[in-house]
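Work through the exercises below with the structure open. Each task is followed by a stepwise solution.

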Amino acid sequence: MTATRIDGKAHAARLRARIAEQVAELKQAHDLVPGLAVVLVGEDPASQVYVASKGKQTVEAGMKSFEHRLPADATQAELLALIGRLNADAEVHGILVQLPLPGHINESEVINAIAVKKDVDGFTVANSGRLATGQRAMVPCTPLGCLMLLRDQMGDLSGKEAVVIGRSNIVGKPMASLLLGDNATVTVAHSRTKDLPEVVRRADIVVAAVGRPEMVKGDWLKPGAVVIDVGINRTEAGLVGDVDYASAVEIAAAVTPVPGGVGPMTIACLLANTLTACCRANDLPDPAGLTG
Ligand SMILES: Nc1nc2c(c(=O)[nH]1)N[C@@H](CN(C=O)c1ccc(C(=O)N[C@@H](CCC(=O)O)C(=O)O)cc1)CN2
């Protein structure tokens, strides 16, 4: 039997519609409009596309979008000064610096200059620490999107065996924290893991976030596993994930495709985090069902 194709595009569209409704209610009840500032440094083609999509979807959801483009040779001081102004701007509830940054810029210093309450990427040390210790945090968008897809597909994740492949600060580690928060039993595998196929074979849930085209094969999977592919790899054959989709669908119960799986959820969850940041800045309760 062939696996379900988890339609991230359709899921993201439904999520954006719910966010737009909640944004309209916020305006009506409190005369508040969430605002998102996105900062792009340089001209990386993929980043330009993502930033344009973020701006468009922010406006479509009824929020304010502020786009700031700096040249590739902008200095760190210029970037920090811009973040300082956005931190102080009452119309801006969320700030995102598009990654990757040019090599001469210290990514960690820049990210950690963002006010913790406006850190809608959830990448600051403060938000990472809060998530890792089970406190209320701003949750990174890609892992939050993966969690929403998993809950939608499987319901309760309690007691499930989950293997997260990849230990990055922006996907692997927060993903592991979120799965632990839902009471899954979590293994984080990485490049030094011994016998990775055997580790993956025991998982009910596989989240692949390694950045290696089609590395996870169908015969690594436990029959009936749910597979979330975070990879976005540009190859000569086109865009592929970290999972070999064709062989995975022969064994798994459900698999996210690339494109059209996790990617669209990343931007929808950014809108969710911006709405959450606006509510928190105004001492209102978190919006229902958006915070993970
Ligand atoms: N500050 C951040 N920088 C980056 C993040 C992030 O979450 N915060 N994530 C990625 C880029 N990204 C959003 O910024 C992103 C990547 C991919 C998609 C997406 O919808 N992908 C499509 C395929 C589109 C394509 O052809 O490239 C899909 O998977 O269907 C959305 C957002 C790195 N930087």
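**Annotated spans**

UniProt places the feature "domain: Tetrahydrofolate dehydrogenase/cyclohydrolase NAD(P)-binding" (unreviewed entry) at residues 140–280. UniProt positions follow the numbering used here, feature names are shortened, and annotations may be inferred rather than shown by experiment. Residues are numbered from 1 along each chain as its sequence is written. The model is predicted: local features need pLDDT of at least 70, side-chain atom pairs count only at pLDDT 80 or more, and totals for chains, interfaces and linings use all residues.

**Exercise 1.** Describe the two annotated spans by end distance and secondary structure.

*Solution.* 
- Step 1. In residues 140–280, the end C-alpha atoms lie 17 Å apart. This span is 37% helix and 18% strand. Helices (H or I, at least four residues) and strands (E, at least two) are DSSP runs, numbered from the N terminus.
- Step 2. The UniProt annotation "domain: Tetrahydrofolate dehydrogenase/cyclohydrolase catalytic" (unreviewed entry) covers residues 6–121. Its end C-alpha atoms are 24 Å apart, with 49% helix and 16% strand.

**Exercise 2.** Locate the ligand relative to the domains, and describe its shell.

*Solution.* 
- Step 1. The domain assignment gives domain 1 (30–119) and domain 2 (141–263). Such bounds come from an automatic or database domain assignment. The two centres, taken over C-alpha atoms, are separated by 29 Å.
- Step 2. The ligand is surrounded by 18 residues. The closest are Tyr 50, Leu 99, Pro 259, Gly 263 and Thr 266. A residue counts as near if its C-beta atom, placed from the backbone, lies within 6 Å of the molecule.
- Step 3. Helix H2 (45–60), strand S4 (94–97), helix H6 (141–154) and helix H10 (262–281) each give two or more residues to this shell. H10 gives the most, with four residues.
- Step 4. The shell holds twelve nonpolar, five polar and one charged residue. Ala, Val, Leu, Ile, Met, Phe, Trp, Tyr, Cys and Pro count as nonpolar, Asp, Glu, Lys and Arg as charged, and the others, Gly among them, as polar.
- Step 5. Domain 1 and domain 2 both give residues to the shell, so the ligand lies between them.

**Exercise 3.** Work out how H6 packs on H10.

*Solution.* 
- Step 1. The axes of H6 and H10 come within 8 Å and cross at roughly 110°. Axes are lines fitted to C-alpha atoms, for helices over the stretch in contact, and angles run from 0 to 180 degrees between N-to-C directions.
- Step 2. That makes H6 roughly perpendicular to H10 (65 to 115 degrees).
- Step 3. Contact residues include Cys 141 and Leu 149 of H6, and Val 262 and Thr 266 of H10. Contact needs C-beta atoms, placed from the backbone, within 7 Å.
- Step 4. The contact divides into ten nonpolar, four polar and no charged residues.

Conventions:
Parallel < 35°, antiparallel > 145°, perpendicular 65-115°, else oblique. Contact = placed C-beta atoms within 7 Å.
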